[in-house]
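Keep the model in view while reading.

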Amino acid sequence: MQLLELDGVGKDYPRLDAVGSRVRLVYRLLRGVAPGSVFRALDGITLSMQRGESLGVVGENGAGKSTLLKIVAGVVKPTRGSVQVNGRIAALLELGSGFHPDYAGSANIDLAGALLGLAPEEIAAKREAIIAFADIGDHIDDPVKTYSSGMVVRLGFAIATALSPDVLITDEVFAVGDESFQKKCITWMERYLEDGGTLLLCSHSMYHVQKLCVNALWLDHGKPRMYGDATTVAREYLAFHEAKLQAHTSHTQVIAGDYRITSLQLVPLNHGAEVDPESGFRVSVTIRSPDARPPVVVIGIVRADGTPIYGTTSEVDGVQPRREADDRYGFDLTFEALPLLPGHYRLRAHAMDPEGMRVFDLHEVPFVIGGSTRELGFCRLPHRWDHA
Amino acid sequence: MSRPLPIAANESLTSIAASPSTASRLRSLFRLFYLREVRGRYLGTSTGLAWALLHPIALLGVYWFVFTTVFRAGNFGSKSFLAFVAVALWPWLAAQEALSRATVTLSSYAGLIRKAAFPQEAIVYASVTATLTLHVIGYILVLVVLKLMGEPLQLEGLVIALPLWLVLIVGITGVALALASLQVFLRDVEHVLVPLLMIGMYLTPILYPLTLVPEGVRPWVAANPFSWVVGRMRDALLDGRLAFVPGDAVAVVVAVALFAAGLAMFRRLAPHFEDFL
């Protein structure tokens, strides 16, 4: 049985755009009619989770992540679609979620238990463990509104953990709290996951998504952009951001005209859609030379955000082009093995004058290095562990 | 412990509270909120409890002074003005306070509503019952004191008056549910409510008997459900009439209908609270 199943889930929020629209809205809601003007916060979300199959939700701010988590937690009722939950859900949504600020910490423990439908004696049985885990001393009897953000997180996490949820919904709350508490959280989290616990994690850290989650859902403006194994989704998401960043940074100054690239081809030697880093790829460039003199070519690899990784020129390597016609020259270059980590890259080529002084043209071909890894960065450097 | 918790988008309103787990959750939440209301409002502050009792007593004293000494209205028939007003004023003030408090109560739970899933009507139930139960106690206390002062009260009339309070609580809760849910969307409900309750008090036979109302208008004043409750309390506590009458059944039906309508309205609007609070 699926632990969690969402089918075509969507959420619309009514939009208030005119004076008096509140009255009209209430009237429509009371009649059971959908609001006239709505904002689609979420649309067409279909996913399922099995026990132990943690899911990461990624996306930019405002993409609908919180709405989705709230729907799963039952706080928000979806406008469309169905949600099926088979198990107990605990949610750590934002700081101090589910706390009443005027209640003392201990009263909030009772409240959290009651919200989850625990009997008073069940709550009483767990109270000691929660207070011990939270470890905030006498503050447990103070109203939560007097707590520091660290104390709020401590109590929230202590409550969520003590309730032994089947699904733990959480967004980025681990970054709060001191070192020793963070360690406690991580230790608990590892045990929880080992014991078959399931996470619904909303995170901007692709590292954590890949480490903790089996699957990931990428939300874009409320719609699912990609849903699949966490490694792939994280890679695509990062590439998307690199590309987006690149759009804001300016290119190398390129002079138009004169020496021009007429074709740039990249052929993966494994003949797949993605480049296998073991076998590499071959590049073919054709450059038109207005004065029929042999031009120089620059060939390089950049990350999706435009960061240069490696580049060389035919002039640096002392290579002459192959003459294809009176004004056309060809270059063939093979990268036999690429120490690149999986991700999105671009092959970049420039045409230069025969002296290798002026850069004339820019052509790019995007490519993907396939595979999956949890190594960091974009390039694998040779290394060895000396004690092993 | 794994139980299915289906949340379907097009689920009808009636099925929300159907599962037994929701009912037990409602109970334990109500208990928590209720204790919190009572503690925070009356016991947490040093003057809260005293003020809750003092306010009706002070008003009673003022009305007594104005009507008997200034206007020299005298007694209505054989009835003492003080006892006559005390019996009716207290339920009205209690209802008035319950309604104005319940109207704004959801916003003080905004953080919880935005981040946790629970039957939100428990908040309104707790607010209304916390106010009304305290006033029932105050009511009995004041009646006993008035009796000891020699006012012509038939305390055995409480046999009728207390069940009427119960009917009142049910009806008031229904109105409170409607007002509280409207207030989330229309912020001026709380402001409109103040003058409306003031007008309502003078249109209800609290400071005067129904028999003094001109005959043409009388059916309108009598149609007010509160007029019925007040009249019955006077029957019981002033005249010692201790039998239920068929009209009491109508009062029960009206109260239950108010409650049902209020709850239906609340449940219609509740899914959107999170967005507007």
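Which residues in α3(A) meet which residues in α4(A)? On the α3(A) side they are A:Ile109, A:Asp110 and A:Gly113. On the α4(A) side they are A:Glu122, A:Ile123, A:Arg127 and A:Ile130. By class, this contact has three nonpolar, one polar and three charged residues. The model is a predicted one.

**Helix pairs**

| Helix pair | Angle | Axes apart |
|---|---|---|
| α3(A) and α4(A) | about 130° | 10 Å |
| α3(B) and α5(B) | about 160° | 9 Å |
| α3(B) and α7(B) | about 170° | 10 Å |

Take the pair in chain A. Helix α3 of chain A covers residues 105–115, and helix α4 of chain A covers residues 120–134. They pack at an angle of about 130°. That makes α3(A) oblique to α4(A). The crossing of α3(A) and α4(A) is right-handed.

Now turn to chain B. Helix α3 of chain B, residues 81–108, packs against α5(B) at about 160°. That makes α3(B) roughly antiparallel to α5(B). Their crossing is right-handed. From α3(B), the contact uses residues including B:Leu82, B:Ala86, B:Trp90 and B:Leu106. From α5(B), B:Ile123, B:Val128, B:His135 and B:Leu146 are among them. The residues of this contact divide into 15 nonpolar, four polar and two charged.

α3(B) also packs with helix α7 of chain B, residues 189–203, at an angle of about 170°. α3(B) and α7(B) are therefore roughly antiparallel to each other. On α3(B), the contact is made by B:Trp92, B:Gln96, B:Leu99, B:Ser100, B:Thr103 and B:Val104. On α7(B), it is made by B:Val189, B:Glu190, B:Leu193, B:Leu197 and B:Met201. By class, the contact has seven nonpolar, three polar and one charged residues.

**Chain B as a whole**

What is chain B built from? It has eleven helices and one strand. Chain B has 277 residues, and 39% of them count as buried. Take the contacts in chain B between residues at least 6 apart in sequence: 79% of these join residues at least 24 apart.

α6(B) has 28 residues. At 1.5 Å a residue, α6(B) should span 40 Å, and its end C-alpha atoms are 40 Å apart, which agrees. α6(B) is mostly covered, with 23 of its 28 residues buried.

α10(B) has 24 residues. From its first C-alpha to its last, α10(B) reaches 35 Å, close to the 34 Å expected. Its buried residues include B:Ala251, B:Leu258, B:Phe259, B:Gly262 and B:Leu269. What covers the buried residues of α10(B)? The cover includes α1 (21–31) of chain A. It also includes α5, α6, α9 and α11 of chain B.

**Where the chains touch**

How many residues does each chain bring to the contact? Chain B brings 33 residues and chain A brings 40 residues. In chain B, β1, α1, α4, α6, α10 and α11 each supply at least two residues of the side that touches chain A. α1(B) gives the most to that side, with eight residues. By class, the side of chain B that touches chain A has 20 nonpolar, seven polar and six charged residues.

**Two residues up close**

B:Phe185 lies in helix α6 of chain B. Is B:Phe185 buried or exposed? It is buried, because 20 other C-beta atoms lie within 10 Å. Leaving out residues up to four places away in sequence, B:Phe185 touches A:Arg22, A:Leu25, A:Val26 and B:Phe276. B:Phe185 and B:His272 are 87 residues apart in sequence, and their C-alpha atoms are 9.1 Å apart in space.

A:Thr334 lies in strand β15 of chain A, residues 328–335. Is A:Thr334 buried or exposed? It is exposed, because 11 other C-beta atoms lie within 10 Å. Leaving out residues up to four places away in sequence, A:Thr334 touches A:Gly280 and A:Arg282. A:Thr334 and A:Leu111 are 223 residues apart along the chain, with 66 Å between their C-alpha atoms.

How values were computed: Residues are numbered from 1 along each chain as its sequence is written. Chains are lettered from A and ligands numbered from 1 in the order in which they are written. This is a predicted model: local features need pLDDT of at least 70, side-chain atom pairs count only at pLDDT 80 or more; totals for chains, interfaces and linings use all residues. Two residues are in contact if their C-beta atoms, placed from the backbone, lie within 7 Å. Helices (H or I, at least four residues) and strands (E, at least two) are DSSP runs, numbered from the N terminus. Ala, Val, Leu, Ile, Met, Phe, Trp, Tyr, Cys and Pro count as nonpolar, Asp, Glu, Lys and Arg as charged, and the others, Gly among them, as polar. The expected span of a helix is 1.5 Å times one less than its number of residues. A residue is buried if 20 or more other C-beta atoms lie within 10 Å of its own, exposed if 12 or fewer, and partly exposed in between; C-beta atoms are placed from the backbone. Axes are lines fitted to C-alpha atoms, for helices over the stretch in contact, and angles run from 0 to 180 degrees between N-to-C directions. Angles under 35 degrees count as roughly parallel, over 145 as roughly antiparallel, 65 to 115 as roughly perpendicular and the rest as oblique. A crossing is left-handed if the near helix is turned anticlockwise from the far one by less than a right angle, and right-handed if clockwise.
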